[in-house]
Amino acid sequence: MKKILFIDRDGTLIQEPEDYQVDRLEKLEFYPEAIYYVSKIAKELDFELVMVTNQDGLGTDSFPEKEFWPIQNFIENVFANEGATFKESLIDKTFAKDNAETRKPNIGLLQQKGYLEDGKYDLKNSFMVGDRLTDIEFAYNFGGKGIFINTHVELGADEIKNDKSKVKNAIALETSSWKEIYEFLKLNDRSAQISRKTNETDIFIDLNLDGTGKSKIDTGIAFFDHMLDQISRHGQMDLTIQVKGDLEVDEHHTIEDTAIALGEVFHKALGNKLGIERYGFCLPMDDCLAQVAIDFGGRNWLVWDADFKREMVGKIPTCLLYHLL
């Protein structure tokens with residue numbers, strides 16, 4: 001199911017003027033770095049973009065549509081030209097006093113457009129980005145999370161209908177930076193878990209590719225734990241691996257099945273692989289030089305050129321290392 005990044009317009013994509021109405025081009029000012037990072041989100045992460053905005057009294061004498069649409073079309077075109085195309089823009093034209101079902105924080109517009117249909121979208125893992133607490137309540141109401149662009153003023157607080165503490169608990173990130181929003185969404189997008197149970201092994205792995213190098217690893221084979229820890233430590237990944245294997249038989253199943261599960265969780269966490277670098281680096285050590293070339297392109301192949309002078313390293317049979325990789 002597709003995840004959605006719902007994004008408010010005024011105060012989020014563009015700066016909001018004092019009179020809360022962008023009705024002339026000279027009043028239009030984009031929010032700092034919004035174009036750049038919304039573009040990166042669109043290109044690199046697995047979200048559909050949907051703009052959701054309340055435009056008080058649009059179509060009335062106080063805000064004629066002829067003054068709105070040239071600005072709206074210009075905004076959408078600017079983002080589209082940078083690779084960030086909105087699936088659609090959901091615009092409510094009512095006033096707050098009307099209490100319309102289509103006005104944020106209500107989710108009538110989502111109902112009308114089919115976003116709430118079962119199995120159509122992954123709303124639990126979708127977000128609403130906005131500068132008002134009503135935007136956060138909107139996220140709470142559709143069952144997702146809110147990203148609160150904090151202006152240090154609780155805009156929209158008087159319009160909240162649910163318990164304010166519950167609404168605030170729906171805030172997944174509070175920031176004033178689109179860079180931080182991008183990094184947060186990318187972090188969420190590059191984590192995965194896997195459980196794998198067979199007659200020989202019971203394995204659980206939790207991986208965060210954008211972690212800090214923390215690990216908690218227990219395979220029952222101390223030197224194997226040590227080597228797996230290096231992946232976490234030097235790759236700056238958070239990695240939990242818990243394995244119960246038939247070590248009373250031998251090490252083979254534990255090592256083989258851990259490798260299979262680790263490959264699967266990497267595949268899951270990498271997703272569509274957009275945004276990752278193609279090239280890495282080589283690190284010579286003080287007592288050896290090991291060179292490894294890895295391609296995450298999905299083409300299975302292994303060239304192995306390593307000779308060992310001993311049968312075991314710790315409790316790992318050296319003959320299993322080729323098999324492991």
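**Exercise 1. Work out whether Lys104 is buried or exposed, and find its salt-bridge partner.**

Step 1. Lys104 has a relative accessibility of 3%, so it counts as buried (buried means under 20% relative accessible area, exposed over 50%, partly exposed in between, with a 1.4 Å probe and protein chains only). Before going on, note that this is a predicted model, in which local features need pLDDT of at least 70, side-chain atom pairs count only at pLDDT 80 or more, and totals for chains, interfaces and linings use all residues. Residues are numbered from 1 along each chain as its sequence is written, and side-chain values use heavy atoms, with hydrogens and water left out.

Step 2. The partner is Asp8, whose side chain meets that of Lys104 in a salt bridge at 2.8 Å, N to O (a side-chain nitrogen of Lys or Arg within 4 Å of a carboxyl oxygen of Asp or Glu).

Step 3. Asp8 sits in the loop between β1 (3-7) and α1 (34-44), and Lys104 in the loop between β3 (88-92) and α3 (108-112), so their pairing ties together parts that are 96 residues apart in sequence. Helices (H or I, at least four residues) and strands (E, at least two) are DSSP runs, numbered from the N terminus.

Step 4. Asp8, at 6% relative accessibility, counts as buried.

**Exercise 2. Now take Asp56 and Arg103: what parts does their salt bridge tie together?**

Step 1. The side chains of Asp56 and Arg103 meet at 2.8 Å, N to O.

Step 2. Asp56 belongs to the loop between β2 (47-54) and α2 (65-81), while Arg103 belongs to the loop between β3 and α3, so the pair joins parts 47 residues apart in sequence.

Step 3. Asp56 is partly exposed, at 36% relative accessible area, whereas Arg103 is buried at 6%.

**Exercise 3. Look at α7: which of its residues are buried, and what do they pack against?**

Step 1. The buried residues of α7 (222-235) are Phe224, Asp225, Leu228, Asp229 and Ser232.

Step 2. They cover an arc of only 135° around the axis, so they lie on the same side of α7 (the arc is that of the directions from the helix axis to the C-beta atoms).

Step 3. Their packing partners are β9 (215-218), β10 (238-245), α8 (252-270), β12 (316-317) and α9 (319-324), where contact means heavy atoms within 4.5 Å.

Conventions:
Expected span 1.5 Å × (residues − 1).
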